[in-house]
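Here is a short briefing for a first look at this structure. Keep the sequence and the 3D view open as you read.

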Amino acid sequence: MNETKVKVVTADPSAIGLFGLAVITLVASSQKLGWTSGVSLVLPWAIFLGASAQLLACLKDFQHNNTFGATAFGGYAFFWYSMGFAWLIQNGVFGQKLASSVDGKQLGMAFIAYLIFTLFMTIGAMETHKVLFIIFVLIDLLFIGLSLSTFGIMAKFGHNLAAWSELILSIMSFYGSAAAVLNNHFGRVFLPVGKPFGIFKK
């Protein structure tokens with residue numbers, strides 16, 4: 001019996017995923033740096049750009065059989081959904097009883113979990129391209145800062161580390177998104193992203 005394989009071609013979803021990451025980290029870092037205040041208008045960008053845009057990229061990367069990309073975008077999409085939900089709880093949207101019983105250390109444990117996730121994803125990013133590797137290193141620094149700040153260990157240093165790494169992360173994510181769009185659109189290297197390190201892949 002003859003077997004016919006049909007290849008379904010879909011566009012690279014990394015541009016929209018990185019754009020979503022860039023927008024939410026820019027907005028969130030502005031609050032950490034004291035340029036803006038509160039999380040009321042961070043929430044929409046967390047839900048729609050940080051979470052939903054990356055979830056869309058995740059689902060499309062699954063179609064590409066890209067385990068790394070799908071796991072990365074999916075993992076951070078659900079992080080931003082969770083952060084949005086946490087902010088809603090903290091601000092009493094689900095009642096003062098729930099808000100009053102918040103234990104910030106539980107959020108700190110989640111940051112540590114995401115730091116562990118990001119560390120092994122950083123190794124994978126080394127064999128994608130250097131811009132993505134830098135993005136993951138900055139996410140590592142962000143979660144280190146968030147963990148320190150949340151647990152009150154060198155809290156000021158941790159807060160500043162989280163704030164500035166998140167801002168630089170946003171800038172690098174904008175660059176990565178632009179490179180993904182323009183390099184594909186023009187069919188040539190319009191914005192260089194750097195070759196993989198070539199350490200781990202055969």
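A residue counts as exposed when its relative accessible area is over 50%, as buried when that area is under 20%, and as partly exposed in between. Met154 has 51% relative accessibility, so it counts as exposed. The model is predicted.

**Helix α5 with helix α6**

- Two packed helices are described by the angle between their axes and the distance between the axes.
- Helix α5 covers residues 104–125, and its axis lies 8 Å from that of α6.
- The angle of this packing is about 160°.
- Angles over 145 degrees count as roughly antiparallel, and α5 and α6 are therefore roughly antiparallel to each other.
- The crossing of α5 past α6 is left-handed.
- The contact of α5 with α6 involves 18 nonpolar residues, six polar ones and two charged ones.

**Helix α3 with helix α6**

- Helix α3 spans residues 67–90, and helix α6 spans residues 130–151.
- Their axes come within 14 Å and cross at roughly 30°.
- Angles under 35 degrees count as roughly parallel, so α3 is roughly parallel to α6.
- Here too the crossing is described by its hand: α3 passes α6 in a left-handed crossing.
- On the α3 side, the residues that meet α6 are Phe68, Ala72, Tyr76 and Phe79.
- On the α6 side, their partners are Leu132, Phe136, Ile139 and Phe143.
- By class, this contact of α3 with α6 has eight nonpolar residues, with no polar and no charged ones.

**Two loop residues with positive phi**

- Asn65 sits in the loop between α2 (43–63) and α3.
- Its phi is positive, at about 60°, although Asn65 is not a glycine.
- Asn65 counts as exposed because its relative accessibility is 68%.
- Met154 belongs to the loop between α6 and α7.
- Met154 is also a residue other than glycine with a positive phi, near 50°.

**Ser30 in helix α1**

- Ser30 is part of helix α1, which runs over residues 14–32.
- Ser30 counts as buried because its relative accessibility is 12%.
- A polar atom of the Ser30 side chain lies 2.6 Å from the backbone oxygen of Val27.
- The Ser30 side chain also makes a polar contact with the side chain of Thr36, at 2.9 Å.
- Leaving out residues up to four places away in sequence, Ser30 touches Trp35 and Thr36.

**Ala77 in helix α3**

- Ala77 is placed in helix α3.
- With 0% relative accessibility, Ala77 counts as buried.
- Beyond its neighbours within four places in sequence, Ala77 is in contact with Gly50, Ala51, Gln54 and Leu55.
- Ala77 and Thr150 are 73 residues apart along the chain, and their C-alpha atoms are separated by 21 Å.

**Gly124 in helix α5**

- Gly124 is located in helix α5.
- Gly124 is partly exposed, with a relative accessible area of 26%.

**Met172 in helix α7**

- Helix α7 contains Met172.
- Not counting residues up to four places away in sequence, Met172 touches Val131, Ile134, Ile135 and Leu138.
- Met172 and Asn91 are 81 residues apart along the chain, and 31 Å separate their C-alpha atoms.

**Phe197 after helix α7**

- Phe197 lies in the segment after α7, the helix of residues 155–186.
- At 34% relative accessibility, Phe197 counts as partly exposed.
- Leaving aside neighbours within four places in sequence, Phe197 is in contact with Met126, Glu127, Lys130 and Phe133.
- Phe197 and Ala125 are 72 residues apart along the chain, and their C-alpha atoms are separated by 9.3 Å.

Key:
Residues are numbered from 1 along each chain as its sequence is written. This is a predicted model: local features need pLDDT of at least 70, side-chain atom pairs count only at pLDDT 80 or more; totals for chains, interfaces and linings use all residues. Side-chain values use heavy atoms; hydrogens and water are left out. Axes are lines fitted to C-alpha atoms, for helices over the stretch in contact, and angles run from 0 to 180 degrees between N-to-C directions. Helices (H or I, at least four residues) and strands (E, at least two) are DSSP runs, numbered from the N terminus. Angles under 35 degrees count as roughly parallel, over 145 as roughly antiparallel, 65 to 115 as roughly perpendicular and the rest as oblique. A crossing is left-handed if the near helix is turned anticlockwise from the far one by less than a right angle, and right-handed if clockwise. Contact means heavy atoms within 4.5 Å. Ala, Val, Leu, Ile, Met, Phe, Trp, Tyr, Cys and Pro count as nonpolar, Asp, Glu, Lys and Arg as charged, and the others, Gly among them, as polar. Buried means under 20% relative accessible area, exposed over 50%, partly exposed in between (1.4 Å probe, protein chains only). A polar contact is a pair of N or O atoms within 3.5 Å; within protein, one must be able to donate a hydrogen and the other to accept it, and residues adjacent in sequence count only if both atoms are side-chain atoms.
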